[in-house]
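Colleague: I have just opened this one and would like a guided look at it. Could you walk me through it?

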Amino acid sequence: MELIAATIHGIPLYDGDLEAEQNLPEAVVALKDLIAGCDGLMLFTPEYNNSIPGPFKNAIDWLSRPNSDAPRVFGGKPVAICGASPGGFGTLLAQTAWLPVLRTLQCDVWPGARLTVARANTLMDEQGRLADEATRTRLAQFVAGFAAYVQARSGASRSA
């Protein structure tokens, strides 16, 4: 399995007029093509005000445009959701809020274990790396479980 880290940096606020005039921004096209070429997708979400972060939802909105291309990017794609937050619930509410969005996009949401990391700011070292061994183990198990799910579904080898 190959794990590819990607970012939503560079994706502007969604604007239907901009889309009509200029088509999709380059950052959107690049991320869409990356996701479309992968066999699975892991969303690492923060949580703001007990829900989906606006910038992340905005990126997904762009990635689903035009509607006719959404199946190429998301349709039937295995998706896992996980996240970390400084709060006590570790993105449980944000992960739950993602479910109707992913179902609308016809993703294959992994029914396996959730990974919620609470008080994440206390689990990092001075360089910002995950230092807590128990959380590292949980993360490794989560990734391995999702990889097995993706491979069972498609004989896959790449996840973004």
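Modeller: What follows is a short tour by question and answer, starting with how the values were made.

Modeller: This is a predicted model, in which local features need pLDDT of at least 70 and side-chain atom pairs count only at pLDDT 80 or more, while totals for chains, interfaces and linings use all residues. Residues are numbered from 1 along each chain as its sequence is written, and side-chain values use heavy atoms, with hydrogens and water left out.

Colleague: How many disulfides are there?

Modeller: A disulfide here is a pair of cysteine sulfur atoms within 2.5 Å, and by this rule the count is zero. Cys-38 is in no disulfide, and the nearest cysteine sulfur, that of Cys-107, is 13 Å away.

Colleague: And is Cys-107 buried or exposed?

Modeller: Cys-107 counts as buried at 11% relative accessibility, and Cys-38 counts as buried at 3%. Buried means under 20% relative accessible area, exposed over 50%, and partly exposed in between, with a 1.4 Å probe and protein chains only.

Colleague: Changing topic, which residues touch the most other members in the largest nonpolar core?

Modeller: That core has 23 residues, of which Ile-60, Leu-63, Phe-74, Trp-98 and Leu-102 touch the most other members. A nonpolar core is a set of buried Ala, Val, Leu, Ile, Met, Phe, Trp, Tyr and Cys residues joined through side-chain atoms within 4.5 Å. The elements giving two or more residues to this core are helix H2 (26-36), strand S2 (41-45), helix H3 (54-63), strand S3 (78-84) and helix H5 (92-104), and H3 gives the most, with five residues. Helices (H or I, at least four residues) and strands (E, at least two) are DSSP runs, numbered from the N terminus.

Colleague: What does Trp-98 touch, not counting residues up to four places away in sequence?

Modeller: Trp-98 touches Thr-45, Ile-52, Phe-56, Lys-57, Ile-60 and Ile-81 on that count, where contact means heavy atoms within 4.5 Å. Apart from this core lies another, of 14 residues, among them Trp-110, Val-117, Val-143 and Phe-146.

Colleague: How many aromatic pairs does the structure hold?

Modeller: The structure holds five aromatic pairs. Rings of Phe, Tyr and Trp (its six-membered ring) pair if their centres lie within 6.5 Å, and planes under 30 degrees apart count as stacked, over 60 as edge-to-face and the rest as tilted. Trp-110 and Phe-142 form an edge-to-face pair, with 5.2 Å centre to centre and 70° between the planes. The pair links distant parts of the chain, 32 residues apart, since Trp-110 is in the loop between strand S4 (108-109) and strand S5 (115-117) and Phe-142 is in helix H6 (residues 133-154). Both Trp-110 and Phe-142 are buried, and together with Phe-146 and Tyr-149 they form one aromatic cluster.

Colleague: Which residues of H6 are buried?

Modeller: The buried residues of H6 are Thr-135, Phe-142, Val-143, Phe-146, Ala-147, Tyr-149 and Val-150. They lie on the same side of H6, because they cover an arc of only 160° around the axis, the arc being that of the directions from the helix axis to the C-beta atoms. The face of H6 turned away from this buried side carries the exposed residues Glu-133, Ala-134, Gln-141 and Ala-152.

Colleague: Last one: where is Leu-123 found?

Modeller: Leu-123 is found in the loop between S5 and H6, and it is buried, with a relative accessible area of 14%. Leaving aside neighbours within four places in sequence, Leu-123 has contacts that include Val-117, Leu-130 and Thr-135.
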